[in-house]
Amino acid sequence: YFIKSKSTLKKIMFGFGVAISFTYYVLTLYPAWIVPMGYVALACLIWIIHENWNKVKQLGIKNWIIVLMMAIFSVSIIINYLMVNQEYVYAITHTVYPGHRISKGGFAIKKIFYYAQAYMYAFSDVGNSPEASSLLSLFPIPIIAGGYKWYNDKKKNWLLTGLLGISAVYLIYTTVGVPVVVAKILLLTYTTATRLVDIIAIIQIYLLVIVLSDEDEKKIPPIKGGIIALITTVLTIYVCQKDYSGYLTKEWSIVTGIVILYLGYNLLSQKGERAKKIFCVLVIVISIITGAFVRPISKGFDAITSKPVSKEISKIVSNEPKAK
(Lines give C-alpha, C1' and ligand atoms only; values in the text may rest on other atoms or scores of the structure.)
Protein backbone atom coordinates (compact mmCIF):
# COMPACT_ATOMS: atom_id res chain seq x y z
CA TYR A 1 0.00 0.00 0.00
CA PHE A 2 2.89 2.37 0.71
CA ILE A 3 4.28 1.73 -2.75
CA LYS A 4 0.95 2.01 -4.57
CA SER A 5 -0.60 4.96 -2.73
CA LYS A 6 -0.33 8.43 -4.31
CA SER A 7 -1.30 10.32 -1.15
CA THR A 8 1.59 11.56 1.01
CA LEU A 9 -0.58 11.40 4.14
CA LYS A 10 -1.52 7.79 3.41
CA LYS A 11 2.12 6.94 2.72
CA ILE A 12 3.05 8.32 6.15
CA MET A 13 0.27 6.28 7.76
CA PHE A 14 1.31 3.09 5.93
CA GLY A 15 4.97 3.72 6.79
CA PHE A 16 4.02 4.25 10.43
CA GLY A 17 2.06 0.98 10.37
CA VAL A 18 5.03 -0.93 8.95
CA ALA A 19 7.37 0.62 11.55
CA ILE A 20 5.10 -0.32 14.47
CA SER A 21 4.52 -3.83 13.11
CA PHE A 22 8.23 -4.44 12.52
CA THR A 23 9.08 -3.14 15.99
CA TYR A 24 6.53 -5.38 17.65
CA TYR A 25 7.75 -8.35 15.60
CA VAL A 26 11.39 -7.87 16.66
CA LEU A 27 10.55 -7.23 20.32
CA THR A 28 8.64 -10.47 20.60
CA LEU A 29 12.13 -11.75 21.45
CA TYR A 30 11.27 -15.33 20.58
CA PRO A 31 13.81 -16.42 17.95
CA ALA A 32 12.20 -19.85 17.55
CA TRP A 33 9.42 -18.16 15.56
CA ILE A 34 10.99 -14.81 14.63
CA VAL A 35 13.78 -16.34 12.53
CA PRO A 36 11.78 -18.81 10.39
CA MET A 37 8.87 -16.39 9.96
CA GLY A 38 11.40 -13.75 8.94
CA TYR A 39 12.22 -15.72 5.78
CA VAL A 40 8.51 -15.81 4.93
CA ALA A 41 8.27 -12.03 5.40
CA LEU A 42 11.38 -11.59 3.24
CA ALA A 43 9.82 -13.68 0.46
CA CYS A 44 6.71 -11.48 0.61
CA LEU A 45 8.83 -8.32 0.50
CA ILE A 46 10.85 -9.50 -2.51
CA TRP A 47 7.61 -10.39 -4.30
CA ILE A 48 6.04 -6.99 -3.55
CA ILE A 49 9.12 -5.13 -4.80
CA HIS A 50 9.36 -7.28 -7.94
CA GLU A 51 5.68 -6.88 -8.79
CA ASN A 52 5.85 -3.11 -8.30
CA TRP A 53 9.40 -2.40 -9.45
CA ASN A 54 8.38 0.44 -11.76
CA LYS A 55 6.53 2.16 -8.91
CA VAL A 56 9.51 1.61 -6.58
CA LYS A 57 11.81 3.36 -9.07
CA GLN A 58 9.42 6.33 -9.16
CA LEU A 59 9.09 6.82 -5.39
CA GLY A 60 11.22 9.98 -5.30
CA ILE A 61 13.22 11.66 -2.53
CA LYS A 62 10.15 12.62 -0.45
CA ASN A 63 9.05 8.99 -0.17
CA TRP A 64 12.52 7.77 0.73
CA ILE A 65 12.65 10.40 3.50
CA ILE A 66 9.43 8.88 4.88
CA VAL A 67 11.03 5.43 4.73
CA LEU A 68 14.15 6.70 6.50
CA MET A 69 12.16 8.47 9.23
CA MET A 70 10.04 5.40 9.90
CA ALA A 71 13.16 3.21 10.02
CA ILE A 72 14.73 5.58 12.57
CA PHE A 73 11.46 5.59 14.55
CA SER A 74 11.37 1.78 14.62
CA VAL A 75 15.05 1.34 15.52
CA SER A 76 14.80 3.97 18.28
CA ILE A 77 11.99 2.06 20.00
CA ILE A 78 13.89 -1.23 19.70
CA ILE A 79 17.11 0.26 21.12
CA ASN A 80 15.23 1.99 23.93
CA TYR A 81 13.41 -1.22 24.85
CA LEU A 82 16.61 -3.26 24.90
CA MET A 83 18.38 -0.63 27.02
CA VAL A 84 15.54 -0.42 29.56
CA ASN A 85 15.34 -4.21 29.73
CA GLN A 86 19.02 -5.01 29.24
CA GLU A 87 19.25 -6.93 32.52
CA TYR A 88 16.39 -9.19 31.44
CA VAL A 89 17.75 -9.59 27.91
CA TYR A 90 21.21 -10.44 29.24
CA ALA A 91 19.77 -12.98 31.68
CA ILE A 92 17.57 -14.73 29.11
CA THR A 93 20.35 -14.90 26.50
CA HIS A 94 22.79 -16.41 28.98
CA THR A 95 20.59 -19.25 30.15
CA VAL A 96 21.16 -22.87 29.15
CA TYR A 97 17.63 -22.82 27.71
CA PRO A 98 16.81 -21.00 25.53
CA GLY A 99 19.97 -18.85 25.58
CA HIS A 100 22.53 -21.51 24.68
CA ARG A 101 20.19 -23.88 22.90
CA ILE A 102 21.43 -25.03 19.50
CA SER A 103 19.13 -27.05 17.27
CA LYS A 104 19.74 -28.78 13.96
CA GLY A 105 16.17 -30.03 13.54
CA GLY A 106 14.80 -33.46 12.74
CA PHE A 107 11.80 -35.75 13.33
CA ALA A 108 9.02 -33.32 14.21
CA ILE A 109 6.96 -32.98 11.04
CA LYS A 110 4.24 -35.32 12.32
CA LYS A 111 2.96 -32.50 14.54
CA ILE A 112 1.56 -30.73 11.47
CA PHE A 113 -0.91 -33.60 10.93
CA TYR A 114 -2.61 -32.95 14.27
CA TYR A 115 -5.02 -30.61 12.49
CA ALA A 116 -7.29 -33.64 12.10
CA GLN A 117 -7.98 -33.65 15.84
CA ALA A 118 -7.27 -30.03 16.84
CA TYR A 119 -10.91 -28.99 16.46
CA MET A 120 -11.77 -31.37 19.35
CA TYR A 121 -9.45 -29.77 21.92
CA ALA A 122 -12.21 -27.49 23.23
CA PHE A 123 -14.43 -30.48 23.95
CA SER A 124 -12.07 -33.19 25.20
CA ASP A 125 -8.85 -32.86 27.19
CA VAL A 126 -5.72 -33.72 25.23
CA GLY A 127 -3.18 -32.81 27.92
CA ASN A 128 -0.87 -30.04 26.71
CA SER A 129 -3.14 -28.63 24.00
CA PRO A 130 -0.80 -25.77 22.91
CA GLU A 131 1.95 -28.29 22.15
CA ALA A 132 -0.51 -30.51 20.28
CA SER A 133 -2.14 -27.70 18.31
CA SER A 134 -1.85 -27.30 14.56
CA LEU A 135 -3.46 -25.06 11.97
CA LEU A 136 -6.08 -26.50 9.65
CA SER A 137 -3.59 -26.67 6.79
CA LEU A 138 -4.50 -29.90 4.93
CA PHE A 139 -0.75 -30.55 4.68
CA PRO A 140 0.78 -31.64 2.31
CA ILE A 141 -1.97 -30.86 -0.22
CA PRO A 142 -1.32 -27.08 -0.40
CA ILE A 143 2.35 -27.71 -1.27
CA ILE A 144 1.34 -30.24 -3.94
CA ALA A 145 -1.32 -27.94 -5.39
CA GLY A 146 1.05 -24.96 -5.24
CA GLY A 147 3.85 -26.97 -6.84
CA TYR A 148 1.54 -28.12 -9.62
CA LYS A 149 0.44 -24.53 -10.27
CA TRP A 150 4.06 -23.32 -10.27
CA TYR A 151 5.09 -26.07 -12.71
CA ASN A 152 2.30 -25.22 -15.17
CA ASP A 153 2.59 -21.43 -14.96
CA LYS A 154 4.51 -19.97 -17.89
CA LYS A 155 5.22 -16.83 -15.89
CA LYS A 156 6.48 -17.91 -12.48
CA ASN A 157 4.88 -16.28 -9.47
CA TRP A 158 7.70 -14.96 -7.28
CA LEU A 159 5.72 -15.31 -4.06
CA LEU A 160 4.78 -18.90 -4.86
CA THR A 161 8.39 -19.64 -5.79
CA GLY A 162 9.68 -18.18 -2.54
CA LEU A 163 7.15 -19.96 -0.33
CA LEU A 164 7.74 -23.33 -2.01
CA GLY A 165 11.52 -22.89 -1.71
CA ILE A 166 11.28 -21.99 1.98
CA SER A 167 8.91 -24.93 2.54
CA ALA A 168 11.43 -27.32 0.98
CA VAL A 169 14.20 -26.15 3.34
CA TYR A 170 11.92 -26.26 6.38
CA LEU A 171 10.66 -29.74 5.50
CA ILE A 172 14.22 -31.05 5.39
CA TYR A 173 14.92 -29.38 8.74
CA THR A 174 11.83 -30.86 10.42
CA THR A 175 12.21 -34.38 9.01
CA VAL A 176 15.84 -35.50 8.83
CA GLY A 177 17.52 -32.35 10.13
CA VAL A 178 20.57 -30.56 8.73
CA PRO A 179 24.24 -30.35 9.74
CA VAL A 180 24.91 -27.84 12.52
CA VAL A 181 27.03 -25.68 10.21
CA VAL A 182 24.13 -25.38 7.74
CA ALA A 183 21.70 -24.62 10.57
CA LYS A 184 24.03 -21.87 11.80
CA ILE A 185 24.36 -20.32 8.33
CA LEU A 186 20.55 -20.26 7.97
CA LEU A 187 20.16 -19.07 11.61
CA LEU A 188 17.94 -22.08 12.24
CA THR A 189 19.91 -23.00 15.34
CA TYR A 190 17.75 -20.36 17.05
CA THR A 191 14.60 -22.37 16.44
CA THR A 192 13.56 -25.99 16.96
CA ALA A 193 11.92 -28.50 14.68
CA THR A 194 8.66 -28.51 16.68
CA ARG A 195 8.42 -24.71 16.50
CA LEU A 196 9.33 -24.62 12.82
CA VAL A 197 6.43 -26.96 12.05
CA ASP A 198 4.06 -24.16 13.08
CA ILE A 199 5.60 -21.87 10.46
CA ILE A 200 5.25 -24.57 7.80
CA ALA A 201 1.54 -24.72 8.69
CA ILE A 202 1.24 -20.94 8.26
CA ILE A 203 2.89 -21.21 4.83
CA GLN A 204 0.24 -23.80 3.90
CA ILE A 205 -2.46 -21.21 4.59
CA TYR A 206 -0.71 -18.72 2.28
CA LEU A 207 -0.43 -21.41 -0.38
CA LEU A 208 -4.15 -22.18 -0.01
CA VAL A 209 -4.96 -18.51 -0.71
CA ILE A 210 -2.66 -18.46 -3.77
CA VAL A 211 -4.15 -21.68 -5.19
CA LEU A 212 -7.74 -20.56 -4.55
CA SER A 213 -7.05 -17.25 -6.29
CA ASP A 214 -5.74 -19.02 -9.40
CA GLU A 215 -7.76 -17.72 -12.34
CA ASP A 216 -6.23 -20.19 -14.81
CA GLU A 217 -7.74 -23.15 -12.94
CA LYS A 218 -4.87 -25.57 -13.54
CA LYS A 219 -5.99 -28.67 -11.69
CA ILE A 220 -4.54 -32.12 -11.16
CA PRO A 221 -6.50 -34.85 -13.07
CA PRO A 222 -9.38 -36.18 -10.89
CA ILE A 223 -8.03 -39.72 -10.43
CA LYS A 224 -4.57 -38.49 -9.37
CA GLY A 225 -6.13 -35.81 -7.19
CA GLY A 226 -8.36 -38.39 -5.51
CA ILE A 227 -5.41 -40.70 -4.82
CA ILE A 228 -3.33 -37.86 -3.31
CA ALA A 229 -6.29 -36.74 -1.15
CA LEU A 230 -6.91 -40.32 0.01
CA ILE A 231 -3.25 -40.90 0.94
CA THR A 232 -3.21 -37.58 2.82
CA THR A 233 -6.39 -38.52 4.70
CA VAL A 234 -5.14 -41.97 5.72
CA LEU A 235 -1.72 -40.62 6.76
CA THR A 236 -3.24 -37.77 8.80
CA ILE A 237 -5.68 -39.99 10.71
CA TYR A 238 -2.96 -42.62 11.23
CA VAL A 239 -0.54 -40.09 12.79
CA CYS A 240 -3.25 -38.78 15.14
CA GLN A 241 -4.29 -42.27 16.20
CA LYS A 242 -0.68 -43.36 16.67
CA ASP A 243 0.37 -40.36 18.77
CA TYR A 244 -2.96 -39.88 20.59
CA SER A 245 -4.44 -43.36 20.59
CA GLY A 246 -8.19 -43.31 21.12
CA TYR A 247 -8.50 -39.52 21.30
CA LEU A 248 -10.46 -39.47 18.05
CA THR A 249 -13.17 -42.13 18.28
CA LYS A 250 -13.78 -44.44 15.36
CA GLU A 251 -16.88 -42.48 14.37
CA TRP A 252 -15.16 -39.09 14.53
CA SER A 253 -12.14 -40.46 12.67
CA ILE A 254 -14.44 -41.46 9.81
CA VAL A 255 -16.24 -38.10 9.78
CA THR A 256 -12.96 -36.19 9.96
CA GLY A 257 -11.44 -38.38 7.24
CA ILE A 258 -14.36 -37.73 4.88
CA VAL A 259 -14.03 -33.96 5.38
CA ILE A 260 -10.25 -34.00 4.78
CA LEU A 261 -10.71 -36.24 1.74
CA TYR A 262 -13.30 -33.94 0.20
CA LEU A 263 -11.41 -30.71 0.97
CA GLY A 264 -8.21 -32.17 -0.45
CA TYR A 265 -9.90 -33.48 -3.59
CA ASN A 266 -11.74 -30.17 -4.03
CA LEU A 267 -8.53 -28.16 -3.84
CA LEU A 268 -6.57 -30.46 -6.13
CA SER A 269 -9.04 -31.41 -8.84
CA GLN A 270 -12.37 -29.55 -8.76
CA LYS A 271 -12.76 -26.44 -10.92
CA GLY A 272 -15.06 -23.44 -10.93
CA GLU A 273 -16.28 -20.79 -8.53
CA ARG A 274 -18.83 -23.15 -6.99
CA ALA A 275 -16.10 -25.58 -5.90
CA LYS A 276 -14.09 -22.71 -4.38
CA LYS A 277 -17.14 -21.43 -2.48
CA ILE A 278 -17.92 -24.89 -1.08
CA PHE A 279 -14.28 -25.26 0.01
CA CYS A 280 -14.28 -21.85 1.73
CA VAL A 281 -17.65 -22.40 3.45
CA LEU A 282 -16.50 -25.74 4.87
CA VAL A 283 -13.24 -24.26 6.15
CA ILE A 284 -15.12 -21.32 7.73
CA VAL A 285 -17.58 -23.65 9.47
CA ILE A 286 -14.75 -25.79 10.85
CA SER A 287 -12.88 -22.67 11.97
CA ILE A 288 -15.95 -21.37 13.82
CA ILE A 289 -16.47 -24.71 15.53
CA THR A 290 -12.79 -24.77 16.49
CA GLY A 291 -12.81 -21.29 18.02
CA ALA A 292 -16.34 -20.68 19.28
CA PHE A 293 -16.21 -23.28 22.03
CA VAL A 294 -12.81 -22.35 23.44
CA ARG A 295 -13.26 -20.84 26.92
CA PRO A 296 -10.51 -18.24 27.33
CA ILE A 297 -12.11 -16.25 30.19
CA SER A 298 -10.91 -16.95 33.72
CA LYS A 299 -11.54 -15.15 37.01
CA GLY A 300 -8.62 -14.06 39.16
CA PHE A 301 -4.95 -15.06 38.99
CA ASP A 302 -5.18 -18.40 40.77
CA ALA A 303 -3.73 -20.21 37.74
CA ILE A 304 -0.50 -18.28 38.42
CA THR A 305 -0.43 -17.57 42.16
CA SER A 306 -1.28 -21.12 43.21
CA LYS A 307 1.79 -22.59 41.54
CA PRO A 308 4.70 -23.60 43.83
CA VAL A 309 7.17 -21.46 41.86
CA SER A 310 4.94 -18.39 42.34
CA LYS A 311 4.76 -18.99 46.09
CA GLU A 312 8.52 -19.37 46.26
CA ILE A 313 9.05 -16.12 44.34
CA SER A 314 6.68 -14.29 46.73
CA LYS A 315 8.60 -15.71 49.68
CA ILE A 316 11.96 -14.54 48.30
CA VAL A 317 10.65 -11.05 47.47
CA SER A 318 9.12 -10.65 50.95
CA ASN A 319 12.57 -11.30 52.45
CA GLU A 320 14.46 -9.38 49.75
CA PRO A 321 12.24 -6.61 48.32
CA LYS A 322 14.83 -5.75 45.64
CA ALA A 323 15.28 -9.34 44.50
CA LYS A 324 14.70 -10.09 40.85
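Helices here are DSSP runs of H or I with at least four residues, strands are E runs of at least two, and both are numbered from the N terminus. With that settled, I counted 16 helices and zero strands in the chain.

**Ground rules.** I am working on a predicted model, where local features need pLDDT of at least 70, side-chain atom pairs count only at pLDDT 80 or more, and totals for chains, interfaces and linings use all residues. Residues are numbered from 1 along each chain as its sequence is written, and side-chain values use heavy atoms, with hydrogens and water left out.

**Overall picture.** I looked up the extent of the C-alpha trace, and along its principal axes the chain spans about 70 × 60 × 45 Å. Next came burial, where buried means under 20% relative accessible area, exposed means over 50%, and partly exposed is in between (1.4 Å probe, protein chains only). Of the 324 residues in the chain, 35% are buried. For contacts I take heavy atoms within 4.5 Å. Among contacts in the chain with a separation of 6 or more, 77% are between residues 24 or more positions apart.

**Aromatic pairs.** A pair of aromatic rings is described by the distance of the centres and the angle of the planes. The rule I used pairs rings of Phe, Tyr and Trp (its six-membered ring) if their centres lie within 6.5 Å; planes under 30 degrees apart are stacked, over 60 edge-to-face, and the rest tilted. That rule gives eight aromatic pairs. One of them is Y30 with W33: the ring centres are 5.4 Å apart and the planes stand at 80°, so I log the pair as edge-to-face. Y30 is partly exposed at 27% relative accessible area, and W33 is partly exposed too, at 40%.

I then checked F113 and F139. Their ring centres are 5.5 Å apart with the planes at 70°, so this pair is edge-to-face. F113 lies in the loop between α5 (86-93) and α6 (115-118), and F139 in the loop between α7 (129-132) and α8 (141-152), so the pair ties together parts that are 26 residues apart in sequence.

**Around F139.** I stayed in that stretch to look at the backbone. A cis peptide bond joins F139 and P140, with omega about 5°. P140 sits in the loop between α7 and α8. L138 is found in the loop between α7 and α8 as well, and has a positive phi of about 60° although it is not a glycine. I have L138 down as buried, with a relative accessible area of 2%.

**Another positive phi.** L29 is not a glycine either, yet its phi is positive at about 55°. L29 is placed in the loop between α1 (8-26) and α2, and is partly exposed at 34% relative accessible area.

**Charges over rings.** My test was NZ of Lys or CZ of Arg within 6 Å of the ring centre and within 35 degrees of the ring normal. K11 lies over the face of F2, 4.8 Å from the ring centre. The charged end of K156 sits over the ring of W150, at 4.3 Å from its centre.

**α2 against α11.** Axes are lines fitted to C-alpha atoms, for helices over the stretch in contact, and angles run from 0 to 180 degrees between N-to-C directions. Helix α2 (residues 31-51) and helix α11 (residues 193-212) have axes that come within 9 Å and cross at roughly 30°. That makes α2 roughly parallel to α11 (under 35 degrees is roughly parallel, over 145 roughly antiparallel, 65 to 115 roughly perpendicular, the rest oblique). Residues making the contact include W33, M37 and V40 of α2 and L196, I199 and Y206 of α11.

**Two loop residues.** V294 is in the loop between α14 (273-292) and α15 (302-305) and is partly exposed at 45%. V294 and Y119 are 175 residues apart in sequence and 9.8 Å apart in space, C-alpha to C-alpha.

K271 is in the loop between α13 (250-269) and α14, and is exposed at 57% relative accessible area. K271 and L68 are 203 residues apart in sequence and 46 Å apart in space, C-alpha to C-alpha. What does K271 contact, leaving aside its neighbours within four places in sequence? I found E217 and K219.
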